[in-house]
Amino acid sequence: MPDIRGFTLFARIGLVCYAFVHLVVAWLAAQVALGDNEKADKAGALQIVATGGGAWLLWLIAAGTGLLALWQLTEAIAGHRHAAPRRRWVRRATSGVEVVLYALVAYSAGKIATGGSGKAGSIVATALAQSGGAAAVITAGGAVIAVAAFLGYRGIAKKFVHDLDFGGASPALRRSTIRLGQVGWCAMALAYGTVGAMFVVAAVEYDPAKAGGLDPALKTLAVQPYGQAMLLALAAGIAVFGVFALFESRYRKI
């Protein structure tokens, strides 16, 4: 992307917003694990942000993550020219996945800021009511699961390190940031995989109530055997991702 004055600063602010949202999600997951489903029923993570900080904070999150999505869109289309041709397409595909991740947060924040719910359940219900809707929802769920698998691979293989510039950082800080990224990306893979699986179950059983975003996924995990321990571990993992994203806001190549 061309060096637009002020772009780097706004992009880093967007990454801080992205980190903040995941820290709130981690807090929500911990609340559900400890049995406080009332909070999860009343509000998702971004709705909690709206209650605590007002619409202006949601608009900041929407603007910041929306800018990140646009940045990664340009990278997916014509970026990563410094990489070798074969790796360039892999890096562009990775940027394409990040477009979706950032855009989902931006869309949800903007929707809630304007008084909407930002929930996926109503979209699934509308899709299932259409001819061929179940197949479309299953396809969407499969796509989310595929993204989850990619996120897990990205964490395990430390592929996210290619996007970081540790110039000036100490070896200890570099190692710590990489470990946070590995744990965090794997936790996000589990979270997205659960959401994708719920989409598939909702389509197979023709039950839109079982589909949705992360909030119903958290409650689904909570009622499984050893669900509380699983959910607390997931909450810790998402919190780790949030902390990693804070470091990423400093060391991300922009």
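**Helix packing and core, question by question**

Me: In this predicted model, how do helix α1 (residues 7-33) and helix α4 (residues 55-78) pack?
Reply: They pack at an angle of about 115 degrees, with their axes 8 Å apart. The crossing of α1 and α4 is left-handed.

Me: What makes the contact between α1 and α4?
Reply: From α1 come Phe7, Phe10, Ala11, Ile13, Gly14, Leu15, Cys17, Tyr18, Phe20 and Val21. From α4 come Leu57, Leu60, Ile61, Gly64, Thr65, Leu67, Leu68 and Trp71. By class, this contact has 15 nonpolar, three polar and no charged residues.

Me: Which residues make the contact of α5 with α7?
Reply: Thr94, Val97, Glu98 and Leu101 in α5 meet Val147, Phe150, Leu151 and Arg154 in α7. These residues divide into five nonpolar, one polar and two charged. Glu and Arg count as charged, so Glu98 and Arg154 belong to the charged class.

Me: How do the axes of α5 and α7 lie, and what is the hand of their crossing?
Reply: The axes come within 12 Å and cross at roughly 115 degrees. α5 passes α7 in a left-handed crossing.

Me: What is the secondary structure of the protein chain?
Reply: The chain has 10 helices and zero strands. Along the sequence, the pattern reads α-α-α-α-α-α-α-α-α-α.

Me: How much of the protein chain counts as buried?
Reply: Of its 254 residues, 44% count as buried. The cut-off for buried is under 20% relative accessible area. The accessible surface of the chain comes to about 12,400 Å². Carbon and sulfur atoms account for 67% of that surface.

Me: What share of the contacts between residues at least 6 apart in sequence joins residues at least 24 apart?
Reply: In the protein chain, that share is 73%.

Me: Which residues touch the most other members of the largest nonpolar core?
Reply: Ile61, Leu151 and Leu234 do, in a core of 53 residues. The elements giving two or more residues are α1, α3 (45-53), α4, α5 (85-113), α7 (133-156), α8 (171-204), α9 (214-222) and α10 (227-251). α1 gives the most, with 14 residues.

Me: What does leucine 234 touch, not counting residues up to four places away in sequence?
Reply: Leucine 234 touches Ala187, Leu190, Ala191, Leu218 and Leu221.

Me: Why is leucine 23 called partly exposed?
Reply: Its relative accessibility is 31%. Buried means under 20% and exposed means over 50%. The value lies in between, so leucine 23 counts as partly exposed. Leucine 23 lies in helix α1.

Me: What is leucine 23 in contact with, leaving aside its neighbours within four places in sequence?
Reply: Leucine 23 is in contact with Ala239, Gly242, Val243 and Leu246. Leucine 23 and valine 240 are 217 residues apart in sequence, but 8.3 Å apart in space, C-alpha to C-alpha.

Me: What is the phi of lysine 158?
Reply: Lysine 158 has a positive phi of about 60 degrees, although it is not a glycine. Most residues other than glycine have a negative phi. Lysine 158 is found in the loop between α7 and α8.

Me: How do you know that lysine 158 is partly exposed?
Reply: Its relative accessibility is 36%.

Note on methods:
Residues are numbered from 1 along each chain as its sequence is written. This is a predicted model: local features need pLDDT of at least 70, side-chain atom pairs count only at pLDDT 80 or more; totals for chains, interfaces and linings use all residues. Side-chain values use heavy atoms; hydrogens and water are left out. Axes are lines fitted to C-alpha atoms, for helices over the stretch in contact, and angles run from 0 to 180 degrees between N-to-C directions. Helices (H or I, at least four residues) and strands (E, at least two) are DSSP runs, numbered from the N terminus. A crossing is left-handed if the near helix is turned anticlockwise from the far one by less than a right angle, and right-handed if clockwise. Contact means heavy atoms within 4.5 Å. Buried means under 20% relative accessible area, exposed over 50%, partly exposed in between (1.4 Å probe, protein chains only). Accessible areas come from the Shrake-Rupley method with a 1.4 Å probe; for residues, only the protein chains shown count as cover. A nonpolar core is a set of buried Ala, Val, Leu, Ile, Met, Phe, Trp, Tyr and Cys residues joined through side-chain atoms within 4.5 Å.
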